[in-house]
Amino acid sequence: MRSFATSRRSFLAGLTATAALAGCRSTPLSVDGLGLSNLAVEAAHHYPMHGIDVAKYQGDVDWDAARDGGVAFAWLKSTEGGDRLDERFKANWRGAGAARLPRGAYHFWYHCRPGDEQAAWFIQNVPKQTGSLPPVIDIEWTPFSPTCTIRPPRDVLVREVGAMSRILEQHYGQRPILYVPIDVHRDRLVGAFPDHEFWVRAVKDHPDDVYEGRKFRFWQYTATGTVPGVQGEVDRNAFAGTRRDWITWLRAHLVA
């Protein structure tokens, strides 16, 4: 019987090859269209596929150890606003790619800069590379920011995030995923962006209980997780589906 690490490497290599054959395309978002099971569970650990998101705070990550320890995917902080680049992004991008781990980049939204400018900054710094997951736009309130604490009205936020999303989709051939915590969703985004997949944060409750009328594709269920290859605590995330769903989703979403 092959080792877990060997099996995982073969699995990921096959997915990369599939993506290369698929060609660039915009993300198919319909669960019915993809044939996903839409598995519902009571707790995040009941989902089989889990990953992490990292930034400079995690320091030097051993990506081979993380992959072999069960990390199935990773999102890496890349950019913020229109002029900030995470100092560990390039190293994380190279390292996760070398480990053949499905990885993507996420952008921290800045409420005081137009969406088109933020899109341009992301494109300037994030490669369009085979095997990459869709980009993520991370939309949070920033009450402790030294430069921007405003909370734009719903129409402005939807307009500007939508502008960034459209530009990124045109460039990368993938519709961005939106990461939205409970308060931003409740305050501004209930019912908005019906054609986007959502990555939600719920560390005390089930997302269905705190996100009104929102299906989710990824669930960030703790900020204090531990995984091999990462020193200290790290965000843990579950893919909302079965192992077969994960393979299907990856084949549809990896950029080629």
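In this predicted model, glutamate 80 has phenylalanine 108 in E4 as its bridge partner. This pair belongs to the contact of strand E2 (residues 74–80) with strand E4 (residues 103–108), where the two strands run in the parallel sense.

| Partner of E2 | Sense | Bridges |
|---|---|---|
| E1 (residues 50–54) | parallel | 3 |
| E4 (residues 103–108) | parallel | 6 |
| E3 (residues 84–85) | antiparallel | 2 |

Isoleucine 52 stands opposite alanine 74 in E2, while threonine 79 is placed opposite leucine 85 in E3. E2 and E3 make a hairpin with 3 residues between them, and glycine 81 in its turn has a positive phi of about 60°. Strand E2 is mostly covered, with 7 of its 7 residues buried.

Beyond its neighbours within four places in sequence, tryptophan 63 is in contact with residues including Ile52, Val54, Ala74 and Leu76.

The axes of H6 (residues 154–172) and H7 (residues 182–189) come within 9 Å and cross at roughly 110°, which makes H6 roughly perpendicular to H7. In this contact, Arg154, Leu157 and Val158 of H6 meet Val184, Arg188 and Leu189 of H7, and by class the contact has 4 nonpolar, no polar and 2 charged residues.

Conventions
Residues numbered from 1 in each chain as written. Predicted model: local features only at pLDDT ≥ 70, side-chain atom pairs only at ≥ 80, totals over all residues. Heavy atoms only, no water. Axes fitted to C-alpha atoms, helices over the stretch in contact; angles between N-to-C directions. Helix = DSSP H or I, 4+ residues; strand = E, 2+ residues; numbered from the N terminus. Parallel < 35°, antiparallel > 145°, perpendicular 65-115°, else oblique. Contact = heavy atoms within 4.5 Å. Nonpolar A, V, L, I, M, F, W, Y, C, P; charged D, E, K, R; others polar. Buried < 20%, exposed > 50% of the residue type's maximum accessible area, 1.4 Å probe, protein only. Pairing = 2+ DSSP bridges.
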